[in-house]
Amino acid sequence: MSTEDNTRVVEDGVVRDFRENLSYGRYLDLDRILGAQHPPSRPEHHDELLFIVQHQTSELWLKLVLHELGTAADDMAADELARALKRLARVKPVQRTLIEQWSVLATLTPSEYGQFRGALGTSSGFQSYQYRAVEFLLGNKNAAMLELFGEDPAAHALLEAALHRPSLYDEFLRLLARRGFAVPSDLLDRDVTVAHTRREDLVPVFAAVYADPRTHWDLYETCEELVDVEENFQLWRFRHLKTVERTIGVRRGTGGSSGRDFLRRALDLTFFPELYDVRTAL
């Protein structure tokens, strides 16, 4: 550091020639990423860039969540529970980042959003196929959602695959059965294209894990990791709801949903109901 002009000297060893060397920008494909914001409002509204960047970065984080959850499910299927737990440990801070991002969008006031909302047309976050795929991987399967992506072959294929593969919870229940726990047999060979529904006869299985955490530590830890993931997902849903309320009130969503009421009903959905029921049983 120069003490005279307060500038940092570029060290001699710093690479300067990128005709053949790989640069940071090329590695990250920054030209395409930073050139992917195209506000359609005319005249272009200042705050629309915030709205686009918020959703684009959310989609990037969702891509990572999909990557980690899918691999965690594969790890459970291979009885590699320690590796699955490592994947889930990474998912949770990503979820917290997604939750906190709503604070940025919440700086958009109703009058600011109203000046470019019409430019969105019928586009909506409801149409996020990666979000739907995350829900599918966690167990909230709904084949009707595929109808939204009939004109997007890549999105449709991704959701079709997520619909037909066992969810993370399915794989955990199968692992528990392989460990000798009395998981109801019909849950091990169920139709994985439909959502899991609450089963009272599954609660004793988790009660046995919680009754002796020292013996079943990795299973006990997995139960708590799954509860963390669900709780984070619910917090994300809640922050989404509150951001919508403060921005558009009770108006309908641009994609045709009822808006606030639709989001509020989603708060009643659960991925791992027995992991909550066992708390009452204990």
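**Pockets, salt bridges and burial, checked against the rules**

Me: The second largest pocket has a volume of about 210 Å³. What makes something a pocket here?

Reply: First, a caveat: this is a predicted model, where local features need pLDDT of at least 70 and side-chain atom pairs count only at pLDDT 80 or more, while totals for chains, interfaces and linings use all residues. Residues are numbered from 1 along each chain as its sequence is written, and side-chain values use heavy atoms, with hydrogens and water left out. On a 1 Å grid over the protein atoms alone, a pocket is an open set of points where a 1.4 Å probe fits, with protein on both sides within 12 Å along at least five of seven lines. Grid points are joined across faces, edges and corners, and the volume is the space filled by probe spheres set on the points.

Me: How do you know which residues line the second largest pocket?

Reply: A lining residue has an atom within 4 Å of a point. The residues R32, I33, L34, A36, Q37, V53, Q56, T57, E59 and L60 make up the lining. By class that gives five nonpolar, three polar and two charged residues, where Ala, Val, Leu, Ile, Met, Phe, Trp, Tyr, Cys and Pro are nonpolar, Asp, Glu, Lys and Arg charged, and the others, Gly among them, polar. Helix α3 gives the most, with five residues, and α2 (30–34) also supplies at least two.

Me: What makes a stretch count as a helix or a strand?

Reply: Both are DSSP runs numbered from the N terminus: H or I for at least four residues is a helix, E for at least two is a strand. The protein chain comes to 13 helices and zero strands.

Me: Why is the pairing of D75 and R83 called a salt bridge?

Reply: The rule asks for a side-chain nitrogen of Lys or Arg within 4 Å of a carboxyl oxygen of Asp or Glu. D75 and R83 come to 3.6 Å, N to O, so the pair passes the rule. R87 also bridges to D75, at 3.0 Å. R87 sits in helix α4 (residues 81–105) and D75 in helix α3 (residues 48–77), so this pair ties together parts twelve residues apart in sequence.

Me: How do you know whether D75 is buried or exposed?

Reply: Buried means under 20% relative accessible area, exposed over 50%, and partly exposed in between (1.4 Å probe, protein chains only). D75 has 5%, so D75 is buried. R83 at 44% is partly exposed, and so is R87 at 23%. Across the 282 residues of the protein chain, 41% count as buried.

Me: Which helix holds both E245 and K242?

Reply: Both are in helix α11 (residues 217–248), three residues apart, which means they are separated by about one helical turn. K242 is partly exposed at 37%.

Me: What is R260 in contact with, leaving aside its neighbours within four places in sequence?

Reply: Contact means heavy atoms within 4.5 Å, and R260 is in contact with L241, V244, E245, G249 and V250. R260 is found in helix α12 (residues 260–266). With a relative accessible area of 22%, R260 counts as partly exposed. The C-alpha atoms of R260 and I248 are separated by 8.8 Å, the two residues being twelve apart along the chain.
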